[in-house]
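Work through the exercises below with the sequence and the structure in view. Each task is followed by a solution in steps.

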Amino acid sequence: MRSVLKPAAWLCLLLTCVSAFSVAVHQHSSSLDEAQCTVCVIAHSASPAATCKLPSATLVLVQLVVLAEPVSAKQRLIPFALTVRPPPAI
């Protein structure tokens with residue numbers, strides 16, 4: 001299967017490059033041909049303008065200090081000790 005995938009990927013890459021090159025360098029002998037060419041029609045069509053408006057931002061300085069009480073290791077082990085099930089009795 002891998003022996004088929006690698007040549008197929010190279011073929012797709014080659015076709016993409018050839019098509020991009022041909023679109024970039026193609027020419028027409030008359031304006032009538034250019035009017036009927038879908039590549040030229042799409043290239044010269046008007047694209048919609050971006051209507052994204054960024055909100056105005058103001059800089060506000062905030063100072064926050066949190067002093068937490070130290071937690072001992074014994075306090076952290078209490079929930080763990082309550083959730084461990086003892087071994088089954090025989």
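A residue is called buried under 20% relative accessible area, exposed over 50%, and partly exposed in between. The model used here is predicted.

**Exercise 1.** Classify Cys17 as buried, partly exposed or exposed.

Solution. Start with the value: Cys17 has a relative accessibility of 48%. This lies between the cut-offs of 20% and 50%, so Cys17 counts as partly exposed. Repeat the step for Cys12: its relative accessibility is 48%, so Cys12 counts as partly exposed.

**Exercise 2.** State how many disulfides the model has.

Solution. The rule asks for a pair of cysteine sulfur atoms within 2.5 Å. Applying this rule gives a count of zero disulfides.

**Exercise 3.** Describe the nonpolar surface patch that contains Leu11.

Solution. First place the residue: Leu11 belongs to helix α1, which covers residues 2-25. Finally list the members: Leu11, Leu14, Leu15 and Val18 make up the patch, and together they have about 380 Å² of accessible area.

**Exercise 4.** Summarise the chain and the confidence of its prediction.

Solution. Begin with the elements: the chain has four helices and zero strands, in the order α-α-α-α. Then take the burial: of the 90 residues, 2% are buried. The accessible surface is about 9,400 Å², with 68% of it from carbon and sulfur atoms. Last, read the confidence: the mean pLDDT of the chain is 78, and 79% of the residues reach 70 or more. Among the elements, α1 has the highest mean pLDDT (90) and helix α4, residues 73-83, the lowest (59).

Methods:
Residues are numbered from 1 along each chain as its sequence is written. This is a predicted model: local features need pLDDT of at least 70, side-chain atom pairs count only at pLDDT 80 or more; totals for chains, interfaces and linings use all residues. Side-chain values use heavy atoms; hydrogens and water are left out. Patches are made of residues with over 30% relative accessible area and no salt bridge: like charges are joined within 9 Å, nonpolar side chains (Val, Leu, Ile, Met, Phe, Trp, Tyr) within 5 Å. Accessible areas come from the Shrake-Rupley method with a 1.4 Å probe; for residues, only the protein chains shown count as cover. A salt bridge is a side-chain nitrogen of Lys or Arg within 4 Å of a carboxyl oxygen of Asp or Glu. Helices (H or I, at least four residues) and strands (E, at least two) are DSSP runs, numbered from the N terminus. Buried means under 20% relative accessible area, exposed over 50%, partly exposed in between (1.4 Å probe, protein chains only). pLDDT is the predictor's confidence in each residue, from 0 to 100.
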